[in-house]
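Notebook open, model loaded. I want to jot down what I look up, one spot at a time.

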Amino acid sequence: MRSSVLVAVAAGGCDGPVAVVLVVLGSLLAPIAVAGAWVRTEVTDTQRYIQTVAPLAREPAAQNTVATKATDAIFPPLQVDRLIGQAVSALTSRAGFPPLVADRLKALVGPMTDGIHGFVRSRLHDVVRSDQFAHVWVQVNTTAHQQMVKVLSVSRRRWSCRAAR
């Protein structure tokens, strides 16, 4: 059967279908090749990456997100509400402390926690709006990108070695 296909191709009997298959295959693979070339030049080029992400440090929406995420990451482990509650309990458990004042202080645990949360978030907003943050942003992204490229390069080499075996 293989020899009959080769004879038909050699005799010119399959030029049309073979050409159609090759054109379709080329049409499907060309966008993948172009995308691959673009990814290789764009994604592995640290300077281009930094040119893209550096302006984000000055964008208010990005600054707000960073400050909010940082506050949300910092606050739970601190357990500020528990610490304030313990302080209020220690204070109000003293002999002779008026019960009405104790109840009012206990009612302030939530508002005090919210106030500290707002204060921390506000200070973090100040930090992310600073020139120092923009500088650190570029340094961190440069290092992270270079490490990512190294990891991807090693992974690609390992895959290539395995595929060659």
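Started at T71. Leaving out residues up to four places away in sequence, T71 touches P76, H117, V120, R121 and L124, where contact means heavy atoms within 4.5 Å. I find T71 in helix α4; helices here are DSSP runs of H or I with at least four residues, strands are E runs of at least two, and both are numbered from the N terminus. T71 is buried, at a relative accessible area of 1%. For the record, buried means under 20% relative accessible area, exposed means over 50%, and partly exposed is in between (1.4 Å probe, protein chains only).

Ground rules before I go on. This is a predicted model, in which local features need pLDDT of at least 70 and side-chain atom pairs count only at pLDDT 80 or more, while totals for chains, interfaces and linings use all residues. Residues are numbered from 1 along each chain as its sequence is written, and side-chain values use heavy atoms, with hydrogens and water left out.

Overall tally. I get eight helices and zero strands, which reads α-α-α-α-α-α-α-α along the sequence. Buried residues are 16% of the 165 residues. Of the contacts between residues at least 6 apart in sequence, 78% join residues at least 24 apart.

Next, the core. Which residues form the largest nonpolar core? I list nine: I50, V53, A57, A67, L124, V128, F133, A134 and W137. A nonpolar core here is a set of buried Ala, Val, Leu, Ile, Met, Phe, Trp, Tyr and Cys residues joined through side-chain atoms within 4.5 Å. The elements giving two or more residues to this core are α3 (46–53), α7 and α8, and α8 has the largest share with three residues. I also checked A67: setting aside neighbours within four places in sequence, A67 is in contact with R121, L124, H125 and V128. Another core, of five residues, lies apart from the largest one and includes F75, V80, I84 and V109.

Helix pairs now. Two packed helices are described by the angle between their axes and the distance between the axes. The axes are lines fitted to C-alpha atoms, for helices over the stretch in contact, with angles from 0 to 180 degrees between N-to-C directions.

The axes of α5 (residues 80–92) and α6 come within 10 Å and cross at roughly 175 degrees. α5 and α6 are therefore roughly antiparallel, a label for angles over 145 degrees. V88, L91 and T92 of α5 make this contact with A102, L105 and K106 of α6. Those residues divide into four nonpolar, one polar and one charged; Ala, Val, Leu, Ile, Met, Phe, Trp, Tyr, Cys and Pro count as nonpolar, Asp, Glu, Lys and Arg as charged, and the others, Gly among them, as polar.

Then α6 (residues 99–107) against α7: the angle is about 35 degrees and the axes are 4 Å apart. Here L105, K106 and A107 of α6 meet V109, G110, P111 and M112 of α7. This contact divides into five nonpolar residues, one polar and one charged.

Last, two loop residues. Q79 is in the loop between α4 (60–78) and α5. Phi of Q79 is near 50 degrees, a positive value in a residue other than glycine. Is Q79 buried or partly exposed? I noted partly exposed, at a relative accessible area of 35%. S130 is in the loop between α7 (109–128) and α8 (131–164). S130 is buried, at 19% relative accessible area. A polar atom of the S130 side chain lies 2.6 Å from the backbone oxygen of V127.

Definitions and conventions
A polar contact is a pair of N or O atoms within 3.5 Å; within protein, one must be able to donate a hydrogen and the other to accept it, and residues adjacent in sequence count only if both atoms are side-chain atoms. Angles under 35 degrees count as roughly parallel, over 145 as roughly antiparallel, 65 to 115 as roughly perpendicular and the rest as oblique.
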